[in-house]
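Here is a friendly briefing to read alongside the model. It moves from the domains to the chain contact, then to the sheet and the helix pairs.

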There are 2 protein chains.
Amino acid sequence: MTEKAVNLVLMGFGNVGKAFVKLLEEKTDHLRESHGLSLFLRAIFKSTGGLFPCAGFKLKDILDDPGADLRVHAFWKQNLSLESIVREVEPGVLVDCTPSNLKTGEPGLTHARLALDSGWHVVTANKGPLAVNFSGLREKASRNRLALKFSGAAAAALPALDVGLCSLAGAEVLAVEGILNGTTNFILTEMGEGRSYSEAVQEARVRGIAEPDPASDVEGWDTAVKLLLIGNAVMGLNLRLSDISVEGIVGLPAELIDRARREGKSVKLLGRIRREQGGITASVAPCVIDHSHPLFGVEGTAKGITYFTDTMGDVTLTGGKSDPRGAAAAVLKDIINIYHP
Amino acid sequence: MTEKAVNLVLMGFGNVGKAFVKLLEEKTDHLRESHGLSLFLRAIFKSTGGLFPCAGFKLKDILDDPGADLRVHAFWKQNLSLESIVREVEPGVLVDCTPSNLKTGEPGLTHARLALDSGWHVVTANKGPLAVNFSGLREKASRNRLALKFSGAAAAALPALDVGLCSLAGAEVLAVEGILNGTTNFILTEMGEGRSYSEAVQEARVRGIAEPDPASDVEGWDTAVKLLLIGNAVMGLNLRLSDISVEGIVGLPAELIDRARREGKSVKLLGRIRREQGGITASVAPCVIDHSHPLFGVEGTAKGITYFTDTMGDVTLTGGKSDPRGAAAAVLKDIINIYHP
C-alpha cells in the first residue's frame, strides 16, 4: 500500500485531546498497515500556548508517566501562533478538541475558519462552532474543496452521521429520533430504579458521568445541538438552535417515571425531527415509550438513534463508547475517511 | 451540481430486480438533485434473454400496468449477449439481482467476472459469487480499480457493511454477532409465543416470509454466507463457508424456547466471529441471550448486528427493511456511494 503522510494540528488538550494523542500512539502501525496513513502531530495548542514538537519527540513522552510535564516543557515554544502553523506547514487536518461554547462558538469558530481558509481540513469534536454557524462553515469547506467532519461532536463513537450520510443514500429520511445524551439517559435510568431526580443527579456526579454543572445536559441543550447537526447534515436542513423546542429533565417528577415503569414503559429524553406537511418540527423533550420503540432498550449512559426512511424502513443504531476515548476514536475515524474513503 | 450520467445493466428481473427498476423510476429526481447522478438502464437480462430499451422507452412502461408485458415485447431483443453490451456501452455499473447459488456461484460469478474485466463496477444482491470466490472477485476489482459492492447481499437495508467499513475505521473489530436472517428470527419469535417449530414454519410460509423450501434459512446457511461476507470485508479475513461451524434451527424443541422465556431470556440464531488467542472462530447456532445483549429486542423479521471493538465500545445496528424494496434500496445506495462517496 502506498503511504500517505498527513500533518495534524491539535487544538485543545483536555480529556478528548489527550485520548486522541494516546490513540495516535496506539494506532500508528494499524493506520499504516490498514489505511496507508502516517499521521504527524505538528503542534498542540492549549489555552496557555502552543507546543511544537522538535526532532526526536515521541507521542508517548507527553502521555505515559507522571513526570511527563517536565519533558513536555523541553518541547514547548511560547507564543507559537496557529496562523503561522497553518500557513507554514503543508496542510493536513486541524483537529479541534477545545471546549464547546454554544453561544459564541469560540475558540473553535476562529480555528475552523483559519484552517479552512488555509487549505486545512477540519475534524472537530467541538459542537460550538457548528451550533453557531453550521451553514457558513459548511459553505466555506465546500468552496475550498475541504472536508469538515464532526462525528465526535454529534454522537462520538455512535456513528449517527455516517449512517445518515452514507448508508441511507438514496432514501428519504422522514423522521429521526435519538437518545443523544448519555448523562440524562443515565439519570432517567436511575430514576427508573426508584431514585428521585436529585439523587440520580448526585449519583451521576459521583460516578464522574455528570459534570459539576450538568445544566447543558439536563436542560436538553446538548441533545438539541446534536439533533441540529444531524438534521442539518443528514436531512439537508438549515436548523438553528432557536428552531428547536427544548424541554429538559430538570426536576422531572419521580411519579411520572414510576407510572411509566408500572405500565412496562420507559421515559427517555428524545431529540426528534419530523417532516410534516411540508414543514419541519424539531424538539427535545422527555417522552414515554414502550417496548415496541427501537430505542426502548437503551439504558444508562448508552445512546441511540433511529432513522425513519421511505425505502429502507427504520434503521437504528445503539451503543458506541461515550467516554473521551470513544470521542477520540470518532475523530480518528473521520480523519481516516477523509483520505481513505 | 454537475451531473454525471451512469450506465447500468441489470441482471435478473425477479422481485429484487423489479423493485430496483421501480426505485430508479421513483428516485430519478432525487438522484439528480441530491447526488448529481443520472442513471440510465441500458439493458435488463432475464434467464430467457436480454431486453434492450429503444429510444422513448420509459421505466414505468415495464412496471406500471398489467399490459406491461406487451409493451415490453416491443423493446425485446433476442440473443442480446452480456459480452456485447459490456464491451460496446460506456462502462458503468453491472447490477446483479439473479438468484443465489451458494455451490456454483452461477450465473452471478460469470456476470461479475465479465463486468470487472470490461471496466464495469459491480453491485450485487446475489450472495452466490461472493460465497464461492470472494477473494478472487475482490482482487480482480481492486486490480482494475473498480468497485465491488454487496450491501444487498449482506444484510440488505441494514447497513452492516457500511458501518463496519466506514464508521469503525481505525478501530479493531474484536468480535461480531448478528441476527442476519429474518425468516429464522420470525420463526423463533413465533415459537417464543408458544408455537411449535412446524407451526411457526407454516405461519412464515402463509405470510410469504419463508420460501416454499426454506432450507437455506433454517439450516443456517444464509446466515453463514452473510457472516462470511461481513468477516471477510470488515475484519479482513479470508473465510470460506467450510470454516464456519453451522447449526440451524430445524426441529428446535419448543421446550428450549419455553425455558428461555420463563427465565426472561430469548433464543436467537446468531452468527458469530471472534478473534481468540490469535485465531478466529466463526459459527452459526441458536443461542440463549438475556436482556443485557444488544440484540435481545430484535423480534420478528427484523435483523441486527453488533460489532465489539477496541476503541469504540459496542456498536449495534438493528432494523432495515428485509423485503425486496429494502434490498433494492441497498443496491441503489451502493451505486450512489461509488460515484458520490
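Into which domains is chain A divided? Domain 1 covers 4-157 + 324-339 and domain 2 covers 161-318. Please keep in mind that this is a predicted model. In it, 35 residues of chain A are in contact with 35 residues of chain B, and an open sheet of 12 strands takes in strands from chain A and chain B.

**Domains of chain A**

- The centres of domain 1 and domain 2 of chain A, taken over C-alpha atoms, are separated by 28 Å.
- Between these domains of chain A, 11 residues of domain 1 are in contact with 14 residues of domain 2.
- On the domain 1 side of that contact in chain A, α6 (128-143) and α7 (151-154) each supply at least two residues.
- Of these, α6(A) gives the most to the side of domain 1 that touches domain 2, with 4 residues.
- By class, this side of domain 1 of chain A has 8 nonpolar, 2 polar and 1 charged residues.

**Where chain A meets chain B**

- The contact between the chains takes in 35 residues of chain A and 35 residues of chain B.
- On the side of chain A that touches chain B, at least two residues come from each of α8 (160-167), β13 (314-319) and α14 (324-339).
- Helix α14(A) provides the largest share of that side, 7 residues.
- Sorted by class, the residues on the side of chain A that touches chain B are 18 nonpolar, 11 polar and 6 charged.
- Strands also link the chains: β13(A) and β13(B) (residues 314-319) run antiparallel and are joined by 5 bridges.
- Within this strand pair, A:Gly319 stands opposite B:Val315.

**The sheet across the chains**

- Two pairs can be picked out here: B:Gly178 stands opposite B:Gly271, and B:Glu177 has B:Arg272 in β10(B) as its bridge partner.
- Helix α9 (residues 182-192) of chain B packs on the sheet and touches β8 and β10 of chain B, with its direction at about 135 degrees to that of β10(B).
- β10(B) also pairs with β11 (residues 279-289) of chain B, through 11 bridges and in an antiparallel run.
- In that pairing, B:Ser266 stands opposite B:Ile289 of β11(B).
- A hairpin is formed by β10(B) and β11(B), with 2 residues between them, and B:Gln277 in the turn has a positive phi of about 45 degrees.

- What describes a pair of packed helices? The angle between their axes and the distance between the axes do.
- In chain A, the axes of α1 (residues 15-26) and α14(A) come within 8 Å and cross at roughly 60 degrees.
- That angle makes α1(A) oblique to α14(A), and α1(A) passes α14(A) in a right-handed crossing.
- Residues A:Asn15, A:Val16, A:Ala19, A:Phe20 and A:Leu23 of α1(A) meet residues of α14(A), including A:Pro324, A:Arg325 and A:Leu332.
- The contact of α1(A) with α14(A) has 10 nonpolar, 1 polar and 1 charged residues.
- In chain B, α1 (residues 15-26) and α14 (residues 324-339) pack at an angle of about 60 degrees, with their axes 8 Å apart.
- The helices α1(B) and α14(B) are therefore oblique to each other, and their crossing is right-handed.
- The contact in chain B is made by B:Asn15, B:Val16, B:Ala19, B:Phe20 and B:Leu23 of α1(B), together with residues of α14(B), among them B:Ala327, B:Ala328 and B:Val331.
- By class, 10 nonpolar, 1 polar and 1 charged residues make up the contact of α1(B) with α14(B).

Key:
Residues are numbered from 1 along each chain as its sequence is written. Chains are lettered from A and ligands numbered from 1 in the order in which they are written. This is a predicted model: local features need pLDDT of at least 70, side-chain atom pairs count only at pLDDT 80 or more; totals for chains, interfaces and linings use all residues. Two residues are in contact if their C-beta atoms, placed from the backbone, lie within 7 Å. Ala, Val, Leu, Ile, Met, Phe, Trp, Tyr, Cys and Pro count as nonpolar, Asp, Glu, Lys and Arg as charged, and the others, Gly among them, as polar. Two strands pair if DSSP finds at least two bridges between them. Axes are lines fitted to C-alpha atoms, for helices over the stretch in contact, and angles run from 0 to 180 degrees between N-to-C directions. Angles under 35 degrees count as roughly parallel, over 145 as roughly antiparallel, 65 to 115 as roughly perpendicular and the rest as oblique. A crossing is left-handed if the near helix is turned anticlockwise from the far one by less than a right angle, and right-handed if clockwise. Domain bounds come from an automatic or database domain assignment.
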